[in-house]
Structures are given as structure tokens and as C-alpha cells.
Amino acid sequence: MVEDGNKTAKPNNKTEKKIEKMNHAPAQPEIYDLIGQRLRNFYDEVAQQPVPDRFLDLLNQLEAKSLDKKPQ
């Protein structure tokens, strides 16, 4: 049980079981490897896409404002 000031919280069996399950080594590590590889592939595809013009415009506006605020 966890004590919090004057209160004593009862353990949550479902939560404890989930935590226990998470702490064990995965039963099928090849699944996690496959998920990791697919996430990396997806990220690589997204990272190679060009920056949209609207984002570049916004970045230029922010840069211009920050240059205007700098003391001369």
C-alpha cells in the first residue's frame, strides 16, 4: 500500500499486473524489432519530404521579428 499523508491508497491489481507484465522480457522480441524497423522507415520517409512553403514563410516571419527585437 502507498501512504499519502493521512490517506492510505489501496493497490490497484490491474495496474500492478500491467506493470509486472511490462517489466518482463518480451515473449516475441522479433515483433518489437519489426515494429522498430517500420517506425524507422516511416520516419526516414517523412524526414526526406521537403519543408512546405507555408512553414518556410512562417519561419522567415519569426526570424524577421526576432531580428527586429534585438538591440542595435
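In which helix does Leu62 lie? Leu62 is in helix α3, which covers residues 53-69. Buried or exposed, then, for Leu62? Its relative accessibility is 56%, and the cut-off for exposed is over 50%, so Leu62 counts as exposed.

Leu62 also belongs to a nonpolar patch on the surface.

Now the overall picture. This is a predicted model, so confidence comes up before the details. The mean pLDDT of the protein is 80, and 71% of the residues score at least 70. By element, helix α2, residues 29-48, has the highest mean, 93. Strand β1, residues 2-4, has the lowest, 49. Where pLDDT is low, the predicted coordinates should not be read in detail.

On the fold: the protein has three helices and two strands. Along the sequence the order is β-β-α-α-α.

Next, helix α2. It contains 20 residues and spans 29 Å from first C-alpha to last. At 1.5 Å a residue, 28 Å would be expected, so the value is close to that. How many of the 20 residues of α2 are buried? The number is one, so α2 lies largely in the open.

Of its 72 residues, 1% count as buried. The accessible surface comes to about 7700 Å², and carbon and sulfur atoms account for 56% of that surface.

Definitions and conventions:
Residues are numbered from 1 along each chain as its sequence is written. This is a predicted model: local features need pLDDT of at least 70, side-chain atom pairs count only at pLDDT 80 or more; totals for chains, interfaces and linings use all residues. Side-chain values use heavy atoms; hydrogens and water are left out. Patches are made of residues with over 30% relative accessible area and no salt bridge: like charges are joined within 9 Å, nonpolar side chains (Val, Leu, Ile, Met, Phe, Trp, Tyr) within 5 Å. Accessible areas come from the Shrake-Rupley method with a 1.4 Å probe; for residues, only the protein chains shown count as cover. A salt bridge is a side-chain nitrogen of Lys or Arg within 4 Å of a carboxyl oxygen of Asp or Glu. Helices (H or I, at least four residues) and strands (E, at least two) are DSSP runs, numbered from the N terminus. Buried means under 20% relative accessible area, exposed over 50%, partly exposed in between (1.4 Å probe, protein chains only). pLDDT is the predictor's confidence in each residue, from 0 to 100.
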